[in-house]
Amino acid sequence: MEYLKNDSSGTDDDLPNHRIIRNSRGVLLSGPMRIPSGPISHQTDLADMEVQIHCIETEAYDAVLRAFIAQSDVLSWGKEGLITDLRKELRVSDAEHREILAKINSDDSIKSISVLQHFGK
C-alpha cells in the first residue's frame, strides 16, 4: 500500500515530540515536551524543565490525595504514611499540601463521591 506524504503510515512521527529525561533522582520521565524556539540559555532551559517536573509532581500528589479522600474521609495510618512519603519524594511543600487539600475539600464532586462511597458500604 502506498502512502501520501501527509498520510499516517502507522509510525509515531505525526505525534507530539516526546523526550525521555532522567532527573537527579534517577527517575525516568517521558511525555510531550515543548520545543523551545529561538536562542535559550542552558540555564533557562534547565529551570524550565525543573518547573515542568514539579508541576507533574504536584499533579501526581493531588491525584493520589483525591483518590484517598474519595475512598474515605478518614485516612488509615498506612495511607497517612504513604502520603508523607509521597510528599518527600514528590517535593510537595507544606504550603502546597495545604493548598491542594483545601481545593480537594471544597470540590463538590469529591464530596459526592465520598458520601456515596460511605453510604454504599
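This is a predicted model: local features need pLDDT of at least 70, side-chain atom pairs count only at pLDDT 80 or more; totals for chains, interfaces and linings use all residues.
Student: OK, what does H3 span from its first C-alpha to its last?
Tutor: H3 covers residues 94-105, twelve in all, and reaches 16 Å, close to the expected 16 Å. That expected span is 1.5 Å times one less than the number of residues. Helices here are DSSP runs of H or I with at least four residues, numbered from the N terminus.

Student: Which residues of H3 are buried?
Tutor: His-97, Ile-100 and Ile-104. Buried means under 20% relative accessible area, exposed over 50%, and partly exposed in between, with a 1.4 Å probe and protein chains only. Down the axis of H3, the buried residues fall within an arc of 70°, so they line one face; the arc is taken from the directions from the helix axis to the C-beta atoms. On the other side of H3, Arg-98 and Glu-99 are exposed.

Student: And what does Ile-100 touch?
Tutor: Beyond its neighbours within four places in sequence, Ile-100 is in contact (heavy atoms within 4.5 Å) with Thr-58, Tyr-61, Asp-62 and Leu-65.

Student: Switching topic: where does Arg-91 sit?
Tutor: In the loop between helix H2 (77-89) and H3. Most residues other than glycine have a negative phi.

Student: Which salt bridges does Arg-91 make?
Tutor: Arg-91 pairs with Glu-50, with the closest N and O atoms 3.3 Å apart, and with Glu-57 at 2.9 Å, N to O. A salt bridge is a side-chain nitrogen of Lys or Arg within 4 Å of a carboxyl oxygen of Asp or Glu. Glu-57 lies in helix H1, so its pairing with Arg-91 ties together parts 34 residues apart in sequence.

Student: Is Glu-57 buried or exposed?
Tutor: Buried, at 5% relative accessibility. Glu-50 is partly exposed at 36% relative accessible area, and Arg-91 is partly exposed at 35%. Shared partners join Glu-50, Glu-57 and Arg-91 into one network of salt bridges.

Student: How many salt bridges are there in the whole structure?
Tutor: Five.

Terms used. Residues are numbered from 1 along each chain as its sequence is written. Side-chain values use heavy atoms; hydrogens and water are left out. Helices (H or I, at least four residues) and strands (E, at least two) are DSSP runs, numbered from the N terminus.
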